[in-house]
Each structure stands twice: as C-alpha cells, then as structure tokens.
Amino acid sequence: GIAVSTVDVPGVGRVSVYDVGGQNQFHKTHGFFFLANAFFILLLGLAIGGEIRNPRLLYIEAKYWLCFMRASIDKRSIPTVIMAASHLDLCSRGRIILRQVADYIRRMFAGKIIISSNTFALDCREPSSPEMAGVMRHLRVLKKQNKTLYPRLCEPVISKVLPVLRQQQQDLFIDTSQLVAAIKQRSPMQDQGTIDKVLFFLNDCAEVYQSSIYDIPDTVGYGAFSHFDQTIVQYFHHTFSNIFYNTLYR
C-alpha cells in the first residue's frame, strides 16, 4: 500500500516520506514524484533474502526506472540522479558493481539524465557509517546547486502574488494566464524570459497549471476526462509534488 509519514533527517531537516508500494500495480503512482526541479536517489538492492543478486538484474532495474523517470519529466529539464545500493554487508564487490552499473547507465542516458559521479554502496543497518554521511553531504551540495537555478522572481510570486490570487478566486489552482497578468501588474518591466522560467518552475511544483494540459479531447465518445477528473488530477499533483518543493526550497 501507500504510507505517509514525516521524519527529521539530521543535516537536512523535516522531510515528508511517501512509501509507495513497490509492486507493479503501484509503479504508476511513482510518476507523481518525478519533477523537473527535484533530484533523485536510485537505490538498488545488491541482495534479496540473503542471496546476492546477478549484476545483470541491477542494469535492467536501473534502466527500467530511469526510462520511466525520463518519460515522466518535462523534456526541457535534465534530472539529476544519485546511484546507491543497499546490502553492502552481503556483497563484498558491491562498490565495484555499483560503479560499473552507474558507468553503463551514464553512457546510456547521456544528455537526458545527469548521473552523479558519486556512487554510494551502503550497509543500511549502519546509519552513522561514513558512506551514509557521504550521501547526506552530497544531498546538501545538490540542494545548494539547485537553489541557484531557482529564479529570483519565484520567491515574491509565491509569497505575495499567489496568495492574493487564491484569496480573490477562492481557488487552490491558479491558471498561468492569470498569474502572468498579476506578475506584469506587479513588475511591468519584467522580461518575458524570466517570467517563462518562473511559470515552468511553478507549474512543475503544481503551484499553477496550464489549462491546455487538462483539455484532453474526447477520443472515446463519452467524456473520458471530465471536469471532476481534472480537479482530482490537479489535487493529487499538487499534494504529491509539494513535498519536493518544501524539502528543497523552504
């Protein structure tokens, strides 16, 4: 099933954790978390049930999830992925195998996904291990780098413009055309390039939405995508995606 909790991670802060089932029928729900402005840890299991796994299976699993990720994220963005592996205590060659998998995946997804040069083979029973500390340091570096890509205009838009629009309309979801008008009213000299970056970022975080995304044609003849369906999609996109925004930028 799906379990939701909040944990305090030393050196990172409070993090919302969504434990989404790993069974095949739950895979589609993972797409809610594949956001252009987030970065990801792909954790592979070196062993299952005490048995060391064939390295070929790790290649197949990594390719499967990264293809799914690439197909789910806006083509204008290149996501960053950290490769990690568990059960190092059961596989003495775990670090070598993980580096080989990462090198293979890096070549396969060149120009489409950034695979971090740092890989982390972990014994997850040891939360204070040097490897686990290395993961935390690397996440802090990526977080700092990611914030430099965050357009300066986003902060006043989120803190001042969006609340006013929501209060006026009494609606959680703001259309991009309404937001553009509000931004230009507040900052008449703002260039369109910066506004486009802000819209891309906020749309990805589900702070705003583009109407055209939800105007799906009725290809089956009986209103397959109703207004109610649109509202549900927007609600869940907003709920799930905000965990990344809150973790990375607030």
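**Close-up views of the predicted model**

**View 1. Methionine 83 and its neighbours.** Methionine 83 touches Leu42, Leu44, Ala62, Leu98, Val101, Ala102, Ile105, Ile115, Asn118, Thr119 and Phe120, not counting residues up to four places away in sequence. Contact here means heavy atoms within 4.5 Å. The model is predicted: local features need pLDDT of at least 70, side-chain atom pairs count only at pLDDT 80 or more, and totals for chains, interfaces and linings use all residues. Residues are numbered from 1 along each chain as its sequence is written, and side-chain values use heavy atoms, with hydrogens and water left out.

**View 2. The largest nonpolar core.** This core has 29 residues. Leu66, Val81, Met83, Val101 and Ile105 touch the most other members. Strand S3 (39-45), helix H1 (55-72), S6, H2 and S7 each supply at least two of its residues. Another core lies apart from it, with 17 residues, among them Leu162, Ile183, Val198 and Phe201. A nonpolar core is a set of buried Ala, Val, Leu, Ile, Met, Phe, Trp, Tyr and Cys residues joined through side-chain atoms within 4.5 Å. Buried means under 20% relative accessible area, exposed means over 50%, and partly exposed is in between (1.4 Å probe, protein chains only). Helices (H or I, at least four residues) and strands (E, at least two) are DSSP runs, numbered from the N terminus. In soluble globular proteins, nonpolar side chains tend to be buried together.

**View 3. The salt-bridge network around arginine 125.** What does arginine 125 pair with at 3.0 Å? Its partner is aspartate 123, with that value taken between the closest N and O atoms. Salt bridges that share partners join Asp89, Asp123 and Arg125 into one network. Aspartate 89 also bridges to arginine 125, the closest N and O atoms being 3.5 Å apart. Aspartate 89 sits in the loop between strand S6 (80-86) and helix H2 (94-108), and arginine 125 in the loop between strand S7 (114-121) and helix H3 (130-148), so this pair ties together parts 36 residues apart in sequence. A salt bridge is a side-chain nitrogen of Lys or Arg within 4 Å of a carboxyl oxygen of Asp or Glu. By this rule the count comes to five. Side chains of opposite charge can pair when their charged atoms come close.

View 4. Is aspartate 123 buried or exposed? Aspartate 123 is buried, at 16% relative accessible area. Aspartate 89 is partly exposed, at 37%. Arginine 125 is exposed, at 58%. Aspartate 123 belongs to the loop between S7 and H3. Aspartate 123 touches Leu88 and Asp89, not counting residues up to four places away in sequence.

View 5. The side chains of aspartate 103 and arginine 106 meet at 2.8 Å, N to O. The two residues are three apart in helix H2, which means about one helical turn separates them. Aspartate 103 is partly exposed, with a relative accessible area of 37%. Arginine 106 is partly exposed too, at 27%.

**View 6. Histidine 87 in the loop between S6 and H2.** Histidine 87 has a phi near 65°, a positive value in a residue other than glycine. Its place is the loop between S6 and H2. Histidine 87 is partly exposed, at 34% relative accessible area.

**View 7. The kink in helix H4.** Where does helix H4 (residues 154-169) kink? The kink, of about 35°, lies at valine 161, shortly before proline 163. The bend at a residue is the angle between axes fitted to the seven residues ending there and the seven starting there. Buried residues in H4 are Cys154, Val157, Ile158, Val161, Leu162, Leu165 and Arg166.

View 8. The structure holds zero disulfides (a disulfide being a pair of cysteine sulfur atoms within 2.5 Å). Cysteine 91 is buried, with a relative accessible area of 4%. Cysteine 124 is partly exposed, at 45%.

**View 9. The whole chain for context.** The protein has eight helices and nine strands. Of its 250 residues, 42% are buried. Among contacts between residues at least 6 apart in sequence, 64% join residues at least 24 apart. The protein exposes about 14,600 Å², and carbon and sulfur atoms supply 56% of that area. Accessible areas come from the Shrake-Rupley method with a 1.4 Å probe; for residues, only the protein chains shown count as cover.
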